[in-house]
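Please keep the sequence and the structure in view while reading.

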Amino acid sequence: MQSYSELFAAGDLIFREGDPPDGAFLIESGRIEISTHQFGEHRVLGELGPGMLLGEMAVIDDSPRTATARALTPCRLTRIDAGQFAERLASADPVVRALLLSQLTRYRSALAKLTGGVERVGDARLEDHRDASAIGKIRLESELRTALDRRELEVRLQPIEEIESGHVAGYEALVRWTHPQRGDVSPAEFIRLAEETSLIVPIGDYMLERVCDVLVELRRRGRKPLPFVALNVSARQLDDPGLIDRIIGHVRARDLPPNRLKIEITESLVLDQERIGSLLARCHAVGMPVALDDFGTGFSNLGPLLTLDFDQIKLDASFVRALDRPRGRSVVGVVVAMTRALDCDLVAEGVETREQREALHRLGCRYAQGWLVGRPQPLEQVLNG
Ligand code: C2E
Ligand code: CA
Ligand code: CA
């Protein structure tokens with residue numbers, strides 16, 4: 001039977017220092033000596049055994065072998081194609097890739113010093129454009145952490161209007177970051193970055209506190225009826241089992257009516273029905289409403305809506321933009337009928353023109369949010385308005 005592994009006898013050369021990197025190996029059995037030439041002398045660097053990788057370094061950064069591998073005992077090795085690593089590396093988290101390549105560069109430079117060879121620090125493949133973007137990401141994330149610590153992230157509130165009465169019923173809280181060099185960084189960019197690590201959790205807590213404080217201030221200034229404020233909560237935040245308790249704790253500590261704080265979760269999360277079901281149950285138990293955000297962008301399966309009783313559905317802006325076509329109006333009309341059947345309110349997002357608001361009104365949509373109603377506003381403007 002043909003074997004997938006290769007056999008080497010004791011003393012066989014597996015590869016030599018300076019050879020091109022034609023693949024790596026997984027050691028199935030036997031022992032291998034790794035050696036190099038130091039100032040013309042043979043010098044053993046170490047020994048490898050079963051379960052270890054051999055020759056992977058040269059494959060990772062596509063450089064010639066920096067050491068020689070020779071079988072000390074009979075060996076069985078499974079060859080790993082260079083492409084297998086390359087593909088995984090290309091799809092790996094760019095930050096992890098940058099860490100790996102940085103370590104590799106450092107190791108090679110130390111090895112070069114040891115063997116009297118030429119230092120190859122300049123070869124650092126971190127100059128590769130993908131990895132330069134990883135370094136940019138590492139830098140941006142550190143700056144975001146600092147901005148959060150210094151409480152430099154700003155909360156903007158975008159008004160949500162009840163179309164029939166023309167009154168502002170509430171606001172959506174949107175985070176803003178003014179970077180000292182780059183200016184305004186879009187949350188579309190930095191929220192995604194924060195979600196890749198757990199940094200989104202303290203950012204979410206910061207937003208929660210700020211939003212609760214705004215509600216307290218609006219109440220103190222006698223705003224009646226007290227508007228609701230909607231808070232965006234992303235997947236990573238929901239992984240945190242203490243989140244809902246913290247939200248409820250902040251609302252109770254300020255003695256706020258729980259129905260004035262609204263949670264917005266994006267449609268793509270709804271496929272995890274069990275998790276969202278328990279979130280809804282916990283929020284509803286204390287009277288806190290939950291909205292389904294970006295409706296129409298995530299799934300074509302309406303099944304989850306049969307069991308998940310959202311209080312509000314937010315229709316994605318792409319549907320509002322389609323209102324100038326009969327087809328678009330028909331689809332929005334169907335969504336209005338559906339939300340009525342589900343007994344929840346509909347908010348249309350991204351409303352920019354009077355025509356869009358009129359079309360929504362005619363179709364029976366209750367709320368509108370968008371630049372026509374108002375841009376996301378600084379807190380002072382909302383408090384003084
Ligand atoms: P989103 O929840 O869908 O928020 C609506 C986005 O549409 C906001 O972008 C808002 O500024 C923008 N927008 C509102 N009206 C209009 C309009 O008439 N036309 C157009 N073209 N755009 C309009 P923004 O503020 O850049 O936020 C982007 C996304 O970042 C949000 O999308 C939300 O998913 C996320 N995000 C923002 N703040 C937070 C936060 O505090 N926590 C979390 N987890 N996510 C947040
Ligand atoms: Ca939202
Ligand atoms: Ca949205």
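In this predicted model, Leu 26 stands opposite Leu 53, a residue of strand E6. The antiparallel pairing of E6 with strand E3, which spans residues 24–29, runs over two bridges.

- E3 and E6 belong to an open sheet of four strands, whose order is E1-E8-E3-E6 and whose pairing is antiparallel.
- Strand E1 (5–8) and strand E6 (53–54) are the edge strands of this sheet, each of them pairing on one side only.

**The shell around ligand 1**
- Ligand 1 sits in the largest pocket, and 20 residues surround the ligand, the closest being Gln 158, Arg 176, Asp 293, Glu 352 and Trp 371.
- By residue class, the shell around ligand 1 consists of eight nonpolar, six polar and six charged residues.
- Strand E10 (167–179), helix H5 (187–196) and strand E14 (290–295) each contribute at least two residues to this shell, and the largest share, four residues, is that of E10.

- A nitrogen atom of ligand 1 lies 2.5 Å from a polar side-chain atom of Glu 352, and a nitrogen atom of the ligand lies 3.2 Å from a backbone N or O atom of Val 175.
- For Arg 176, a polar side-chain atom is found 2.9 Å from an oxygen atom of ligand 1.
- Ligand 1 taken alone exposes 800 Å², of which the protein buries 78%.

How values were computed
Residues are numbered from 1 along each chain as its sequence is written. Chains are lettered from A and ligands numbered from 1 in the order in which they are written. This is a predicted model: local features need pLDDT of at least 70, side-chain atom pairs count only at pLDDT 80 or more; totals for chains, interfaces and linings use all residues. Side-chain values use heavy atoms; hydrogens and water are left out. A residue is near a molecule or strand if one of its heavy atoms lies within 4 Å of it. A polar contact is a pair of N or O atoms within 3.5 Å; within protein, one must be able to donate a hydrogen and the other to accept it, and residues adjacent in sequence count only if both atoms are side-chain atoms. Accessible areas come from the Shrake-Rupley method with a 1.4 Å probe; for residues, only the protein chains shown count as cover. On a 1 Å grid over the protein atoms alone, a cavity is a set of points where a 1.4 Å probe fits but cannot get out, and a pocket is an open set with protein on both sides within 12 Å along at least five of seven lines; lining residues have an atom within 4 Å of a point. A molecule sits in a cavity or pocket if more than half of its atoms lie within 2 Å of its grid points. Ala, Val, Leu, Ile, Met, Phe, Trp, Tyr, Cys and Pro count as nonpolar, Asp, Glu, Lys and Arg as charged, and the others, Gly among them, as polar. Two strands pair if DSSP finds at least two bridges between them.
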